[in-house]
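The sequence and structure come first.

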Amino acid sequence: MINSRYANMMQAHWAWTVVLVGLAGLWLAGVGVQQPSFAVRAGVLLSAIGVAGGLVVLERRAVRRRETEICRHLEALCELEYSSVAVENSDIHDTLPPDSPFHGPLARLRSILTSQASRLADSEQARASLEARCRRAVSDQQRLADIVARIPEPIVAVDQYDDLVLANRSAEELLAFEESRQTAGRALAKLDRCQRLIALLGDTRKRKLHAPRSEDLEIEDAKGRRRWFNVTLTSLRPEHGTNACEGVVAVMRDISRQRQMQKQHAEFVTSASHEMKAPLAGIKAYVELLADAKDEVTREEFLEVINGQTDRLQRLIDNLLNVARIEAGVVKVNKQPRALNDVLVEAMHVVQPLAEAKQIALHSDLSPLYLGVLVDRDMILQAAINLLSNAVKYTPPGGSVRLHSHLAGDDVQFDVEDTGVGLSPEDTVRIFSKFYRVEKDKSMAPGTGLGLPLAKYIVEDMHGGRVSVASQLEKGSTFTVSLPQAVHVGRDHEVVR
Amino acid sequence: MSARVLLCDDDIVILKAARFKLASAGLDVECASDGQSGWEVIQRWRPDLLITDCQMPRLNGLELIKRVRSCPEYANLTIFMLTGKDLELSHDELIHLWKVREVLGKPFSPRELLSKVIQALQATGALEPSALPVDALPLVANPAVSSIP
């Protein structure tokens with residue numbers, strides 16, 4: 001820009017010089033008219049030079065103007081970004097003389113610029129679209145990573161070099177990756193918490209199995225707990241083509257609870273079988289003794305024992321059946337107005353022989369008031385028998401069990417109080433869980449771990465009552481059952497739950 | 001003097017049935033309702049044969065057997081195990097390690113029990129062969145023949 005101004009200024013000086021030379025030539029020619037001599041000739045010459053110079057200057061200025069115009073157009077072309085603008089600026093040629101040599105180069109330049117601008121626009125569009133796709137892919141990947149991270153099942157994946165390429169949060173916690181959030185690229189061999197898992201991943205990769213395989217594994221978690229997992233391993237292979245294996249993904253499902261349930265179930269079947277075997281053994285032994293017995297009194301005595309053992313078996317089967325009905329969700333409840341004391345007396349009669357056999361004093365302290373309840377007699381009887389026999393079972397010989405009934409506000413209550421082994425605070429909660437038996441007291445008596453949960457279910461779920469327990473280790477326990485008092489005597493209620 | 005048999009079981013019905021059968025055959029029978037009281041009876045009464053259940057309060061059958069076998073003075077005590085857990089116990093361990101003579105499962109036959117008791121007592125010399133009760137050996141199915149003397 002500065003050079004251009006300087007050039008213009010210089011050109012202006014030249015123009016003034018030529019004009020001054022022309023004027024000087026005219027002045028000398030005027031003087032020469034009066035004195036025709038050398039001055040005349042010099043004046044004419046200078047005038048001619050001035051005129052010629054003026055013409056040259058004028059021509060140069062015209063050329064400069066055109067150059068400036070071309071520059072302007074070139075600059076406009078330089079600023080072209082889009083083909084549309086290039087087309088709009090197609091009047092460049094109009095400003096040039098028809099015979100200007102710039103027409104050809106300018107046309108080519110315009111064509112090149114136009115096509116470049118068009119390409120630029122296309123690539124700009126493609127870039128924008130790619131950017132959008134890229135953003136979407138990043139967000140999809142982030143979402144996928146979030147989903148994988150939040151899946152509660154531990155997931156690990158290895159590549160074809162047995163390097164870990166993925167381990168979600170659960171896997172990191174289980175396999176103690178916390179110290180290094182960056183799991184990618186870690187060699188599989190470093191995953192030393194479960195050697196069997198390493199072996200499975202490596203083996204699945206080498207064997208290139210098409211179908212997923214699964215296996216149950218026991219793994220010690222970071223907290224030192226032994227947990228069971230069902231691991232499903234799938235080979236990662238390219239979508240099309242070869243038999244190559246690009247890695248293996250292992251999804252681990254925690255089956256500790258299932259295992260625990262299976263174990264509990266097996267224990268339950270064992271204990272239920274033992275419980276049934278006991279009265280059966282009594283029946284079988286006494287049937288044989290009965291066959292050998294001579295006198296009528298002995299035979300009567302034996303028959304009574306057999307009868308008692310049959311009742312014992314019947315009660316056990318009732319308990320099992322009721323639990324099965326509860327599990328199946330179909331429990332028929334036949335509620336009728338009853339006197340609670342009548343049901344309790346019946347329960348006492350059932351448990352009395354058990355208590356006598358263990359030399360346990362069974363006391364009853366029943367309310368003199370009429371304690372009306374709307375209950376399924378058989379169910380409440382079973383609950384009361386279960387609570388009483390539980391007290392007898394876990395009270396050492398020589399102890400006592402007391403049954404007490406009374407009115408408590410709007411409810412009627414009965415308490416089963418024993419001088420037995422008692423319960424720890426944790427066990428007072430857990431004894432109502434199905435199949436749970438206090439470990440240290442297991443040897444005291446056979447049992448299925450169903451009596452107390454069933455009593456609680458009968459009282460609370462079927463009758464809207466409540467079972468609670470207060471206990472002290474080595475001193476004894478008191479189980480309290482509250483039932484809503486029946487306010488009026490209505491017709492039989494039958495409810496199917 | 002008759003041979004002495006100690007019955008150890010927490011199930012009173014089983015105790016009564018076995019005691020009736022053994023006592024009817026003329027054996028001297030005592031009962032204990034758990035391992036601990038069984039151990040006390042062993043020390044006090046010195047039985048010739050111990051018939052014990054496995055699952056019992058205070059001291060279970062296996063612990064009782066181990067305690068008995070750890071005392072040289074009771075080394076010759078013949079032991080039977082009468083249990084509903086016969087399938088879950090290692091018979092080899094009971095018989096070879098703890099020298100249990102018989103492992104009987106529940107339900108059991110009082111006749112078979114008596115028969116095995118008599119056999120064992122005679123084998124160990126606690127019972128004279130002449131003292132063999134009518135229904136003890138061989139095992140018979142007809143109750144009319146197996147009457148108690």
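The points below are grouped by topic.

This is a predicted model, in which local features need pLDDT of at least 70, side-chain atom pairs count only at pLDDT 80 or more, and totals for chains, interfaces and linings use all residues. Residues are numbered from 1 along each chain as its sequence is written, chains are lettered from A and ligands numbered from 1 in the order in which they are written, and side-chain values use heavy atoms, with hydrogens and water left out.

**Salt bridges**

- Over all chains there are 26 salt bridges, each being a side-chain nitrogen of Lys or Arg within 4 Å of a carboxyl oxygen of Asp or Glu.
- Arg227(A) pairs with Asp254(A), with 2.9 Å between the closest N and O atoms; this links strand β5 (residues 226-236) to strand β6 (residues 247-254) of chain A, the two residues being 27 residues apart. Helices (H or I, at least four residues) and strands (E, at least two) are DSSP runs, numbered from the N terminus.
- Asp254(A) is partly exposed at 36% relative accessibility, where buried means under 20% relative accessible area, exposed over 50%, and partly exposed in between (1.4 Å probe, protein chains only).
- Glu275(A) and Lys393(A) form a salt bridge at 3.7 Å, joining helix α7 (residues 256-292) and helix α10 (residues 377-393) of chain A across 118 residues.
- Of that pair, Glu275(A) is buried at 15%, whereas Lys393(A) is partly exposed at 26%.

**Asp292(A) and chain B**

- Asp292(A) forms a salt bridge with Lys21(B) at 2.9 Å, N to O. Because Asp292(A) lies in helix α7 of chain A and Lys21(B) in helix α1 (residues 12-24) of chain B, the pair joins two chains.
- Both Asp292(A) and Lys21(B) are buried.
- Asp292(A) also forms a salt bridge with Arg111(B), at 3.2 Å between the closest N and O atoms.

**Interface of chains A and B**

- Four salt bridges cross the interface of chain B and chain A.
- On the side of chain B that touches chain A, the elements giving two or more residues are α1 and α5 (110-123) of chain B; α1(B) gives the most, with seven residues.
- The contact (heavy atoms within 4.5 Å) takes 26 residues from chain B and 26 residues from chain A.

**Cysteines**

- There are zero disulfides over all chains, a disulfide being a pair of cysteine sulfur atoms within 2.5 Å.
- Cys71(A) is partly exposed at 42%, while Cys71(B) is buried at 18%.
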